[in-house]
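Q: Can we go through this structure together? I'd like to start with the terms and then get to the residues.

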Amino acid sequence: RSTLFPYTTLFRSQSLTRYREIGDRLGQANAMHHLGRTLLAEGNTADAMSHFRQALEDAQELGVDQVAAEILVSMGTLIAQTGHPEEALGCHRRAAALAGKTDSPLEAARALHAAALCAEQAGQMATAVADLRAAATLFQRIGAAETTAALTKLASLQAAAGTPPAALRSS
């Protein structure tokens, strides 16, 4: 645990207060999300989830799908960490769908990558391979830094699942 978390938490709380004062609901949703991520890093999962839920509700009410997708990935990560990979998988799938709707391939790839890890944790190897293949394809298409890690993990999952390596789609 970093000694910076109390300062980060304070800063994020102050940001949230300021956005509330000026009535910026999107700013509030983003600040609430980031405060939730800080709380999660501190190990405060209950408060983190509460912040994520409120941020998601605000983002959905505002119709800001990209922000909602980012929040869903954070929620899914927390849920997976608490030992519920199937539930987390649902969050990541919703995030990927929203990110795809907003033409945000990096966020979609990150959501699919997270979904693959949840599927693997749940013992759904074929689903994990399919999701990771889709994520790696998107990462590769946009030249994302995550490409190498995704391809390495994909090879590992394919070997574990006994699935022959398949070429990634170029489109």
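A: Start with exposure: a residue is buried under 20% relative accessible area, exposed over 50%, and partly exposed in between, using a 1.4 Å probe and protein chains only. By that scale Glu-61 is exposed, with a relative accessible area of 51%. This is a predicted model, where local features need pLDDT of at least 70, side-chain atom pairs count only at pLDDT 80 or more, and totals for chains, interfaces and linings use all residues. Residues are numbered from 1 along each chain as its sequence is written, and side-chain values use heavy atoms, with hydrogens and water left out.

Q: What does Glu-61 form a salt bridge with?
A: Arg-25, with the closest N and O atoms 2.6 Å apart. A salt bridge here is a side-chain nitrogen of Lys or Arg within 4 Å of a carboxyl oxygen of Asp or Glu. Arg-25 is in helix H2 and Glu-61 in helix H3, so the pair ties together parts 36 residues apart in sequence. Helices are DSSP runs (H or I, at least four residues), numbered from the N terminus.

Q: Is Arg-25 buried, exposed or partly exposed?
A: Partly exposed, at a relative accessible area of 32%. Arg-25 also belongs to a network of salt bridges that links it with Asp-58 and Glu-61.

Q: How many salt bridges in the whole structure?
A: Six. One of them joins Lys-101 to Asp-65, with the closest N and O atoms 3.1 Å apart. That pair links distant parts of the chain, since Lys-101 sits in helix H5 and Asp-65 in helix H4, 36 residues apart. Lys-101 is exposed, with a relative accessible area of 61%.

Q: And what about Glu-146? Which residue is the partner there?
A: Arg-110, where the closest N and O atoms are 2.9 Å apart. Glu-146 lies in the loop between H7 and H8 and Arg-110 in helix H6, so this pair ties together parts 36 residues apart in sequence. Both ends are partly exposed: Glu-146 has a relative accessible area of 25%, and Arg-110 has 36%.

Q: Switching topic. Which residues touch the most other members of the largest nonpolar core?
A: Phe-52, Ile-71, Leu-72, Met-75 and Leu-132, out of 49 residues in that core. The elements giving two or more residues to the core are helix H2 (25–41), helix H3 (45–62), helix H4 (65–81), helix H5 (85–101), helix H6 (105–121), helix H7 (125–142) and helix H8 (147–161). H4 gives the most, with 10 residues. For the term itself, a nonpolar core is a set of buried Ala, Val, Leu, Ile, Met, Phe, Trp, Tyr and Cys residues joined through side-chain atoms within 4.5 Å.

Q: Why would such residues be buried together?
A: In soluble globular proteins, nonpolar side chains tend to be buried together.

Q: What does Met-75 touch?
A: Met-49, Phe-52, Arg-53, Leu-56 and Cys-91, not counting residues up to four places away in sequence. Contact means heavy atoms within 4.5 Å.

Q: OK, helix H6. What about Ala-109? Buried or exposed?
A: Buried, at 0% relative accessibility. Ala-109 lies in helix H6 and touches Ala-135, Leu-138 and Phe-139, leaving out residues up to four places away in sequence. Ala-109 and Ala-96 are 13 residues apart in sequence, with 7.2 Å from C-alpha to C-alpha.

Q: And Leu-40, where does that sit?
A: In helix H2. Leu-40 is buried, with a relative accessible area of 16%. Apart from neighbours within four places in sequence, Leu-40 is in contact with Thr-45, Ala-48, Phe-52, Leu-78 and Gln-81.
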